[in-house]
Amino acid sequence: MAKIDQLNQDMKEAMKAKDKFRLSVIRMLKGALQKAEIDKEEALTDDEELSILSRELKQRKDSVNEFHEAGRDDLADQTAKEIEIVENYLPKQLSEEEITQAVKEVIDQVGASSMKDFGKVMGTAVAKLKGQADGNQIQKIAKSLLS
């Protein structure tokens, strides 16, 4: 099932349950997908949908950090609740150990031996773990393994 179809179904359920917060987050996600589809002028692939939803998740995680730094815990809590809803539409996030193992496999696969090969490792690792891990976390692990 395409993510947009799943969002439509969940939007109907949220309306019936009168869950205004969940409904607003689902509408926002659906809007982001529809905007991308209009910009592209054709249906989105599963990978493109995943990229858009991952971007929405990353934006919210960045916002939570900024809200905490600004002392706006009320907004940080609200955004954290949004993150929980967005994560329902993404594949299960890998643990740090699983990411480390995947990056080690990529390092072996591309024959990387030093930081000079960092770009090759990151390109392959990000593609392999798309939607399952944050790029910053992949970068941190790759740097530690290559140095």
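Visitor: How do the residues of the lining of the largest pocket divide into nonpolar, polar and charged?

Guide: Before the case itself, please keep in mind that this is a predicted model. In the lining of the largest pocket, six residues are nonpolar, six are polar and five are charged.

Visitor: How much space lies in the largest pocket, and which residues are the closest to its centre?

Guide: The general idea is that rolling a probe the size of a water molecule over the atoms shows where empty space is left. Here the largest pocket holds about 350 Å³ of space. It is lined by 17 residues, and the closest to its centre are S54, G131, A133, D134 and G135. Two elements, α3 (46-69) and α7 (135-146), each give two or more residues to this lining, and α3 gives the most, with six residues.

Visitor: Is E82 buried or exposed, and with which side chain does the side chain of E82 make a polar contact?

Guide: A residue is called buried when its relative accessible area is under 20%. The relative accessibility of E82 is 17%, so E82 counts as buried. E82 has its place in helix α4, which covers residues 73-87, and its side chain makes a polar contact of 3.0 Å with the side chain of R60.

Visitor: In which helix is D62 found, and what is its relative accessible area?

Guide: D62 is found in helix α3, the helix that gives the most to the lining of the largest pocket. With a relative accessible area of 32%, D62 is partly exposed, since that term covers values between the 20% and 50% limits. The C-alpha atom of D62 is separated by 9.8 Å from that of T79, although D62 and T79 are 17 residues apart along the chain.

Visitor: Which feature does UniProt place at residues 4-46, and what is the helix content of the chain there?

Guide: An unreviewed UniProt entry places the feature "coiled-coil region" at residues 4-46, and such an annotation may be inferred rather than shown by experiment. In this model, the chain over residues 4-46 is 84% helix and 0% strand, with its end C-alpha atoms 10 Å apart.

Key
Residues numbered from 1 in each chain as written. Predicted model: local features only at pLDDT ≥ 70, side-chain atom pairs only at ≥ 80, totals over all residues. Heavy atoms only, no water. Helix = DSSP H or I, 4+ residues; strand = E, 2+ residues; numbered from the N terminus. 1 Å grid on protein atoms, 1.4 Å probe; cavity = no way out; pocket = protein on both sides within 12 Å on 5 of 7 lines; lining within 4 Å. Points joined across faces, edges and corners; volume = space filled by probe spheres on them. Nonpolar A, V, L, I, M, F, W, Y, C, P; charged D, E, K, R; others polar. Buried < 20%, exposed > 50% of the residue type's maximum accessible area, 1.4 Å probe, protein only. Polar contact = N/O pair within 3.5 Å; in protein donor to acceptor, adjacent residues only side chain to side chain.
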